[in-house]
Amino acid sequence: MSLSGIGILSTFAGSMISFLSPCVLPLVPGYLSFMAGRSVDELQVLQGRQERLAVIGLSLSFVLGFATVFVTLGASATAIGQLLIAYRQETNLIGGLIVIAFGLFMIGLVNPR
């Protein structure tokens, strides 16, 4: 098994442990009832296969939407990080100027309006 396979396996195991933890597992019935638009009691007596598939479909849509948002945020952070690394010298100079300006402001030599 390659290193990436071990990483995926350990991530899955950690996710399952987190999901089955005492602070997350009790939230699942409420989450499913919110997704289905029904109470927990109504979910327990779902008879039709279509009703169950609707709940599963809504849950998967929510999870996919949530994952899409966080993957997009992660990709954006990576892109910004790569940009900052590409312009490391310029970023260091700008950061240094900002620190100097804040220092001058703190000692009272510079008073912006």
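Biologist: In which helix does Leu104 lie?
Modeller: This is a predicted model, in which local features need pLDDT of at least 70, side-chain atom pairs count only at pLDDT 80 or more, and totals for chains, interfaces and linings use all residues. Residues are numbered from 1 along each chain as its sequence is written, and side-chain values use heavy atoms, with hydrogens and water left out. Helices (H or I, at least four residues) and strands (E, at least two) are DSSP runs, numbered from the N terminus. On that numbering, Leu104 lies in helix H5.

Biologist: How many helices and how many strands are there in the chain?
Modeller: Reading from the N terminus on, the elements run α-α-α-α-α. The count for the chain is therefore 5 helices and 0 strands.

Biologist: Which element of the chain has the highest mean pLDDT?
Modeller: The term pLDDT stands for the predictor's confidence in each residue, from 0 to 100. The chain averages 85, and 95% of the residues score at least 70. Among the elements, helix H3 (residues 40–44) has the lowest mean, 69, while the highest mean, 95, belongs to helix H5 (residues 88–107).

Biologist: What radius of gyration does the chain have?
Modeller: The radius is taken over C-alpha atoms, and the globule rule used for comparison is 2.2 Å times the number of residues to the power 0.38. The C-alpha trace spans about 75 × 50 × 25 Å along its principal axes. Whereas a compact globule of 113 residues would have a radius of gyration near 13 Å, the chain has 25 Å.

Biologist: Is Ser59 buried or exposed?
Modeller: Ser59 has its place in helix H4 (residues 49–86). Buried means under 20% relative accessible area, exposed over 50%, and partly exposed in between, with a 1.4 Å probe and protein chains only. Because its relative accessibility is 10%, Ser59 counts as buried.

Biologist: Which residues does Ser59 touch, not counting those up to four places away in sequence?
Modeller: Contact means heavy atoms within 4.5 Å. In the chain as a whole, 20% of the contacts between residues at least 6 apart in sequence join residues at least 24 apart. With residues up to four places away in sequence not counted, Ser59 touches Tyr31, Leu32 and Met35.

Biologist: How far apart in space are Pro29 and Thr91, C-alpha to C-alpha?
Modeller: Pro29 is found in helix H2 (residues 28–36), and Pro29 counts as partly exposed because its relative accessible area is 36%. Pro29 and Thr91 are 62 residues apart in sequence. From C-alpha to C-alpha, the distance in space between Pro29 and Thr91 is 49 Å.

Biologist: And how far apart in space are Met16 and Gly74, C-alpha to C-alpha?
Modeller: In sequence, Met16 and Gly74 are 58 residues apart. In space, C-alpha to C-alpha, the distance between Met16 and Gly74 is 22 Å.
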